[in-house]
Amino acid sequence: MKKTLAAILLFVAWSAQATMVKPMSVEELTSEASAVIEGQAVETWSSWNAVHSRIYTFTRVRVSKTLKGTPADTVVVKQLGGSADGYTQHVSGVRAMQTGEDALLFLRPSEAHDGTMVVVGLMQGHFRYSRDTKAGSTIVNNGVLGAEELQSNSRQVQPYRGSALTLAQLEARVKKAASRE
Amino acid sequence: MSKSVRDILITCFLLAFGLAARPAFSWLPQFTGSSANIDRWDFTSFPVQWNLNPATGSNVSGSRDVHAVIAASFGTWLAAPNTTLGVTEGAQSIVGSEEQSASNVNLICFVCTDADFTKDNTTLAVTITTTADRAGLSDGHGGTAGFAGQIIKADIIFNPNITYTTGGTDGTDLQVVATHEIGHFFGLDHSAVVRAIMFPFAGDLTTLGYDDVAAISTVYPSMSQSFAPTSISGRVALPNGQGVFGAHVFAESTTGSLTIGGNLRKTPIGTITAPDGSYTIKGLPADIYTVSAEPLDDPVTKADINSYPSAFGQSSLQTNFTTRWH
């Protein structure tokens, strides 16, 4: 997208996915998360809440590695939006996990105190995997690559550091950040 | 950008006027279900209104009240050329939770507590649109939905943990966020065109770009047109002839002149290719364009439009090619 990127003057102090969010560094994500895990989605389902005002999508994730916290072997991740009983609720930018998908997740308990977890920073705490066949490494991406942020105080535009990493690099940063807490 | 080595052959059929053969979109709409039915309101089936709860916490400050900002943000979209949006302001609300709100209220709220913002100071706002998956379901207004993908409700919830400014104070510019979110209110997803208001990394912009106009005027066309839209069609394919699904194709003017009047910004206008690689970029003002095709790998990625592949019965978009333009 270089051609389109060349046209931009400034990105703003937040990145956004429909739903707008402020960008968070890996270290900030780690700090805000009670658990940082790697795992695979093994089951997903959606349902209305009790008062029939919101549809939530739930994903059961089998934990393969824990980088922070003491989560159970499986966790249920709760995300706003989904389809249930003939209706769909869209929240653009919220990325529901697909069954079989591998991911690294920054999680915190849902405020509903229902035993589920939510992704920190909406979608920013959801790193998907892709394979760099040339380098032979696993790349992780939370979908906010290439962004720059406008520093509100200095008005300087700087690269937004929350972007493409190898899985090994991301794991190292998470562990380092967690060890400082 | 992708480092993939595969060359791509772009077969561009630059048609001055039309010939749309496949459902491709010069922006990214939301979809409902497993068909390419785009989400949209039907302004004739029931009155579509936005209902503001004007209450705010101390997180909102500035020279204007929030009502003025929200009204101006809706006004930006309602002023889009070639577009008819039958939405009006409705009665104000006093609810502190969407759970307390009637199904025919499209709530805009700064103090609502049902979006799990309690420990979240990074999410600025969320827009939740509710659509019917098929015709005949209750529309929440005493009638039934007329088609799959009909929007029957939309709520915009601003995070009360974010410091907003309505002008003249420090904080996140409320009108920037509101204008973007209202695009979602109308069923628009993100655009991959930089400088579009619906670009997910939207800057400090409160006006629409040409890509936004192409989006809103295609979903909600007006009988009276202030400019005659044209289109460009073509096909993106690999050297072996295989069509590329999910390529971002955009037309960028080679002239510097504004070709649509009004308070708009000249931007490229884009689309995403269909499974056979075909595309039609709609809503173009008459001009001279360069057409480019690029993989959706940064900063908008295929993960950001995950409803698009399923709408075409595909599992994923292709990004195994490099940018080319003609």
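Helix α3 of chain B (residues 210–219) is largely enclosed by the rest of the structure, because nine of its ten residues are buried. A residue counts as buried if 20 or more other C-beta atoms, placed from the backbone, lie within 10 Å of its own. This is a predicted model, in which local features need pLDDT of at least 70, side-chain atom pairs count only at pLDDT 80 or more, and totals for chains, interfaces and linings use all residues. Residues are numbered from 1 along each chain as its sequence is written, and chains are lettered from A in the order in which they are written.

**Helix α3(B)**
- The buried residues are B:Tyr210, B:Asp211, B:Asp212, B:Val213, B:Ala214, B:Ala215, B:Ile216, B:Ser217 and B:Thr218.
- They pack against elements of chain B including α1 (66–78), α2 (174–185) and β15 (278–284); helices (H or I, at least four residues) and strands (E, at least two) are DSSP runs, numbered from the N terminus.

**Helices α1(B) and α2(B)**
- These two helices pack at an angle of about 45 degrees, with their axes 9 Å apart; axes are lines fitted to C-alpha atoms over the stretch in contact, and angles run from 0 to 180 degrees between N-to-C directions.
- Residues from α1(B), among them B:Val66, B:Phe74 and B:Trp77, meet residues of α2(B) including B:Leu174 and B:Ile182.

**Chain A**
- Chain A has three helices and 14 strands.
- Of the 181 residues in chain A, 45% are buried.
- Among contacts in chain A (C-beta atoms, placed from the backbone, within 7 Å) between residues at least 6 apart in sequence, 61% join residues at least 24 apart.

Technical notes. Buried ≥ 20, exposed ≤ 12 C-beta atoms within 10 Å, placed from the backbone. Contact = placed C-beta atoms within 7 Å.
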